[in-house]
Every structure is written in structure tokens, then in C-alpha cells.
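Reader: I would like to go through this model with you and ask, for each label, what stands behind it.

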Amino acid sequence: MKDNDMWGRRQFSIGLGAAALGGFSLARAQGDTVVLGQSAPLTGPAAQLGVQFQAGAKLYFDQHNAQGRRTIELRTLDDGYDPERCAANTRKFIADDVFALFGYVGTPTSLAALPLATQGKLPFFAPFTGAEALRQPFNRLVFHVRASYNDETAVIARQLVNLGMQRIGVFHQNDSYGRAGLEGMTKALAEHQLKPAAVATVERNSEDVAAAVKTLVAASPQAVLQVATYAASAAFIRAARKAGYGGKFYNLSFVGTQALADALGAEADGVVVSQVMPSPFQTTKQVSREFLDAIKKGGGAVKPNYSTLEGYLAARVFAEGLRRAGDKASRDALINGLESVGPQVSGFQLAFSGNNHSGSRFVEMSMLKADGRVLV
């Protein structure tokens, strides 16, 4: 290993160390084709997140359908990571009588859709967010494939403390996603008798980070947790380093690892991202092997990264729940089928039950390198 990998694996590994709804009817069933509605950013500063998640999901659904199984059709509408556009898309899906909502991308957009899904009694499956506001209180319609932001921030805080760091800053979007990450990190630090050394914000879909850089660099934190999408996070890293900041940058999984690496290029070296999926580049995990094999069988058009793997796994789990629901599945039968999934899917530990729809708590840390590698 090269010398410049050394905060890299050795210290990085040290840091890892210890590191309701009820009483309603969902009887509506569909015929041979199950139609899912997805609202996601396909354009704008968060576009790569939506494009990649959709590509991974479609990879699985296309191969599932080709095997002569009950057809699953994914209809995706662009919301540009804007809650109002997401709500409008959701109303259209409800008017079109889709069977379920699938793979919504982002906290503010998912929160805009959730009341509409609940009112329309549509299952809301695998939102690409770890916010507690979508998990509590329990809603029988909502199923989560990924770990929560609280799970991620707990692991991040533990690693930082294990590395001897106590001054931690937080840079976050000024919206429900950013606040969810801030609340999670504040809670996690409190368990170590710490609190954020400084906090600064950026507006959603903005790269205007000058004020945030000034605030956080002045506080001299040893590390900064970033709770923003890849464009703003990349802008902050560049500007903070230019301002003389020499500490570490940590990101929640929603940043989009591939998108952040692409945005930073060689400047990604040493940036840390918490992950809620196993590595899509290694074959040590069954789900990763199946994913890479599916890409190969699909002609290689889908690129392996954490977001495409999450979309693929979400589709895989949904299809398993649908299979368990029976040939003429209603929405009620789908929920019952999903609640029987577990204790693992394709080797990935994931389970639902009648009172727990948070399927996974898997979190591991990764580090970006200048040459595009992702160390885990």
C-alpha cells in the first residue's frame, strides 16, 4: 500500500474498532402486471442519486420479468429533488391507481409524499432516506430496506471517538434531511459526552457554501460531518481546503458515493462515507455477487456503485414480498408477504415483521481515494 493510504487503512480500521396504521382495507388487487410509481430526481443537482437508484431497480425488475414471473412495471417521474413536484407526482400516481409507491429519493420529498400515500392507502416501499420522521411513528404502509441516519451517525461518532477526535463540526442542508442528520449526530455525540463544535447550513439544491465554510473553519473542528447531497458536499470540501482546513470530512450514505467521487476527482482522497449497503465492488457478499452477475447478464450498461446496488436490492426485496403475497396479490397481501421476509435476502441480513418495517441496521465505513477506489 502506498504511503498516502496510511490515514487510510491503518487508522481507518482503528476507528472502526467497536465500531401505526391499522384497521383499513387494502383489498385492491392488480392483474398480471404490478405497476409501481417512483418519484425521484432525474435532473438537477441530485440527479445522479435518482438515476442510479432507478437503474439498479430496473436491472432487477427487467431480469425478473424476463423469467416469466408476474410482471413488475416501474414508472418513474422526475421531481428534481423538490417536495412540491414530488407531491404532484404522487397525486398523479394515486389518480392512475398504481399498486404501490417505490424507491422515492430523499427526505423532504418522501415526507411530502407520505401523507398522500397514507390517505390513498398505498404501500410506500424502500424510500432512499434514513430519516426517523419516516420511521416513527410506525406506519403499516411504509417499509425501509436501508439502515437509519441514527444508525449511521452512531457508527460515525464511535469511529471519531476511537480515533481520539472530540471536536466535530456539522455541515447540513437547511431542510428535513439536514436536520435529521444533525439530530442523529447530536444524539450520537451526546452518548460520548460531546456535542457539535460548530454547525453551519446550505440551502437544498444550492452550492453556496461560503458562509458555512467561514463558520466551520473558524471553529477548527477535527472532522466535519456533511449532511448534504454530493454537489454541495463537494463544493464545501473544495472551499474548506482552499481556506486552509486540514481536518477530515465524513458523509452520510445519502450523499451518493459515486456521485461525490465523480464531483471531486482526485480531491476525493481521504473523504469518508458511511454505507448502508455492502461494497458493490467486492464479491465477498452474496448480494454483491448476484448484483455484479446481473450487470454482466444485462450487457454491462448499469455501473456498479452503492446507489445502483441499493436500487437492485430494494427491487429484489419487493419482488420477494410480492411472491409471498400470492398470484392475485392485493395490497394487504403484499404487506403480509413483506412482513414475512427475513432473516436475510440474498445473504444480506434483512427482516420485517408485523411491528417492525425497518429491515436493516447494516452500516460500515468507506473511504474514497484519489484514483477512484473505495476502501472498506
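Reader: What is the order of the strands in the open sheet, and what is the pairing?

Author: In this predicted model, the open sheet is formed by seven strands that run in the order β7-β6-β8-β9-β10-β13-β14, and the pairing is mixed.

Reader: Why is one side of β7 and of β14 left without a neighbour in the sheet?

Author: Each of these strands, β7 (198-202) and β14 (374-375), has a single partner strand, so both stand at the edges.

Reader: What makes β8 and β9 a pair?

Author: Pairing requires at least two bridges between the strands, and β8 (residues 223-227) and β9 (residues 248-251) have four bridges, in the parallel sense, so they count as a pair.

Reader: What lines the largest pocket, and which residues lie nearest its centre?

Author: The lining consists of 14 residues, with His64, Arg69, Arg70, Leu322 and Arg323 nearest the centre, around about 300 Å³ of space. Two or more residues each come from α2 (47-66) and α11 (306-325), and α11 gives the largest share, five residues.

Reader: How many of the lining residues are charged?

Author: Eight are charged, alongside three nonpolar and three polar residues; Arg counts as charged, so Arg69, Arg70 and Arg323 of the lining belong to that class.

Note on methods
Residues numbered from 1 in each chain as written. Predicted model: local features only at pLDDT ≥ 70, side-chain atom pairs only at ≥ 80, totals over all residues. Heavy atoms only, no water. 1 Å grid on protein atoms, 1.4 Å probe; cavity = no way out; pocket = protein on both sides within 12 Å on 5 of 7 lines; lining within 4 Å. Points joined across faces, edges and corners; volume = space filled by probe spheres on them.
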